[in-house]
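Let's take a walk through this structure together. Keep the view open while you read.

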Amino acid sequence: MGKKKTLTGALLVAATLTVAGCGGGGAASGETAKSPADPADASGTIKVLTHRTDLVQNGTMDKYAAEFNKTYPKVKVEFEALTDYEGEVKIRMNTDDYGDVLMIPAAVAKNDYPKFFAPLGSAAELADTYRFSDKTTVGKKVYGIAQFGTANGFVYNKAVWRKAGVSEPPATPREFLAALKAVRAKTDALPYYTNFKDAWPLTAWSNNIGSVTCDAEATDKLAGAVSPWKRGGELHTIDSLLHDIVKGGLSEKDPSTTNWEASKGLIAEGKVATMQLGSWAITQLRDAAVKADTDPDDIGFMPFPVRKDGKHCAVLASDYQQAVNAHSSHKTAARAWIDWFTEKSGYSAKEGAVPTLRSAPMPSTLKDFVDNDVTFLERSEAKTGEVNTIDNAAEIGLNKPDYRQKLVDLARGAQQGSLDDYFADLDKRWNQAAGTAGS
Amino acid sequence: MTETTETPPVAPAKVPRAAVPPRTGRGGRLPRGLTPWLFLAVPLALLITFTYVPVGNMIFYSFTDWDGVSPDRRFTGVDNYEQIFTRPELFRVFFVSFYYLAASAVQIAIALYFATVLSFDLRFRNLFKGILFFPYLINGVAIGFVFLYFFQDGGTLDSVLSWFGAGSGHAWLGDPASANTSLAGVSVWRFTGLNFVLFLGAIQSIPAELYEAAQLDGATRRQQFRHIIAPSIRPVISLSVILAISGSLAVFEIPYIMTGGATGTTTFVIQTVKLAFQFNKTGLASAAAVVLLLIILLITWIQRRLVPDEKVDLV
């Protein structure tokens, strides 16, 4: 009996503590993180949270910081690289201590930005200078500035595709499939690599939303009960292409044991012909080609195989957005770092990415797109918050791999079911969630 | 640093007190009942901080619609629980547990067999014990990675099979049935060692005279197992079964690392983790975790009812 009493007591204590512990963090002041008028105005030690563990470990970030200190001598920049960035930062955001500068984790709902981050200025002011600023605009104030953006498309090995006899970027999904079949017939290369096991490469397929209809507002249009997978819808076109590639046996035999790191070498050596990825990957694949002792210029980039009025379109999507912690006591210094890092560090050029600064030129990695007259569209993010709410409520995950993994499984017969039924089910879930999530 | 220099002057003041009989349980100023609590304070504090408070929090979250980050959360009553019990797809993943349950039966049988064999005098006995226990010592994440290569197309398993002319080119993790069987196989490989050690410990506590007497009476090894070993390690077997069932319901790391729950290998815990961290439904995920906890408690309770804890009396 005595033991039971003790346990009950402990549980009671625990319950009391629990209720007491649920106060939540302090309220944010809403004070704007202004750019310093004079470099001397910025001072203090700031901590920058980043997901680029590689750049922190090899000292690249410290070199940026040293360069930054030439202009802002009174600011000391410290980096904290997190391997599981999303997971760790999300949990830390329940406290006030999540660095001074951080990348906005995807888990934070857009409408909650003012509770966590300091505003950086008005939307009207920043939109002229920076691309992608509407992604973090809440109540006409901007809360984050993108590190850089990426265009989406297919990386391919030019030598392999030439050998297969395809020189023009395919204009329709049918032509694309025919090209992959030619690769299978005429070369030893695997036509397409899904990266199924590492899963995240499958999420990039969603970034083609907009490229199909050449509509920058395509993502916004998903907000509501719109059956995104209906015939003729963008997601129908995009996901059908993936389905047909796998169903046609044009992808790897055993997708469940793929390996992203190895896939870079495979495409560089011409063992794999094509992968669907963002333009950020081009630099990495070219590095892999240098390592594999093949020609880095063989790595090409082509747009999604759809033409609207004779032209290809490519949607530009933003990468992580840098924000200032609303609880930071060195907001000016933090803002100085963001400004400098975005505009002057040369980071986005080095990564071969689309610069956030409107005035900066397109990177050399997108030369294929520029040469082929691909129209760049900047993705509108006006309704991203609503779309994400529906997406989460439906448990589909447009930017998560699960539903596409199931798509691939259906296509290769590992799971029972037809594509049409699957699309119908997705539509149903989406529309139902749109009905409840709005309330 | 300054504090240490200040201590000496204070210390003498305590000397007269020290002359008083030392503070033992009987003569000190501490109430008699408090002493055990002093010893318990640290473990209890740890237990409460790291077990009961999180569990309490989890139960609290399960009644809200919290997304895991937002400072706001709304009470939604039993809505989350209602969802769990009204959405069949959330429960369907429990079928995957049957693969692991079947695997645990195999695992217990293997462990019991080897524990019995190795409890007798045998050449290289300790070496075999080491080999059997070794997999349990390896980190689960490492095991996941190792077996990923093992099951790869043209990986270790395929090459070994091809030596025997059975190179199937089968994608082991490629379809739900073989993927779940493969994953359950990994789990057997990993946890047999633990069961084995538990059984071996129990078997070795059986007095040697019993075997001697049995041998004099002409009992075979099989009869010795049937009438001496099995009854005397019954509590340990029953414990293993409880662990096996609760473990099968709560499988997580091996499938999460190896397949991420793809191709029909999602278990209840993986699904919960995905609800919480992919779809930001911390409230619903907490409710799922509470339900799993209750199911495991219930099963354990039923099992204790069916197989009561009886005292083993051999002599």
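This is a predicted model: local features need pLDDT of at least 70, side-chain atom pairs count only at pLDDT 80 or more; totals for chains, interfaces and linings use all residues.

Residues are numbered from 1 along each chain as its sequence is written, chains are lettered from A and ligands numbered from 1 in the order in which they are written, and side-chain values use heavy atoms, leaving out hydrogens and water.

Start where the chains touch: 41 residues of chain B are in contact with 37 residues of chain A (contact means heavy atoms within 4.5 Å). Together, chain B and chain A bury about 3,200 Å², with 56% of it on carbon and sulfur atoms; buried area is the accessible area (1.4 Å probe) that two parts lose on being put together, summed over both. Of the area that chain B buries against chain A, B:Tyr52, B:Val69 and B:Phe279 supply 20%, more than any other three residues.

Now for the charges. Side chains of opposite charge can pair when their charged atoms come close. The rule finds four salt bridges across the interface of chain B and chain A (a side-chain nitrogen of Lys or Arg within 4 Å of a carboxyl oxygen of Asp or Glu). B:Lys281 and A:Glu395 meet in a salt bridge, at 2.8 Å from N to O. That pair belongs to a network of salt bridges linking A:Glu395, B:Arg87, B:Glu89 and B:Lys281. Within chain B, B:Arg87 pairs with B:Glu89, their closest N and O atoms 3.1 Å apart.
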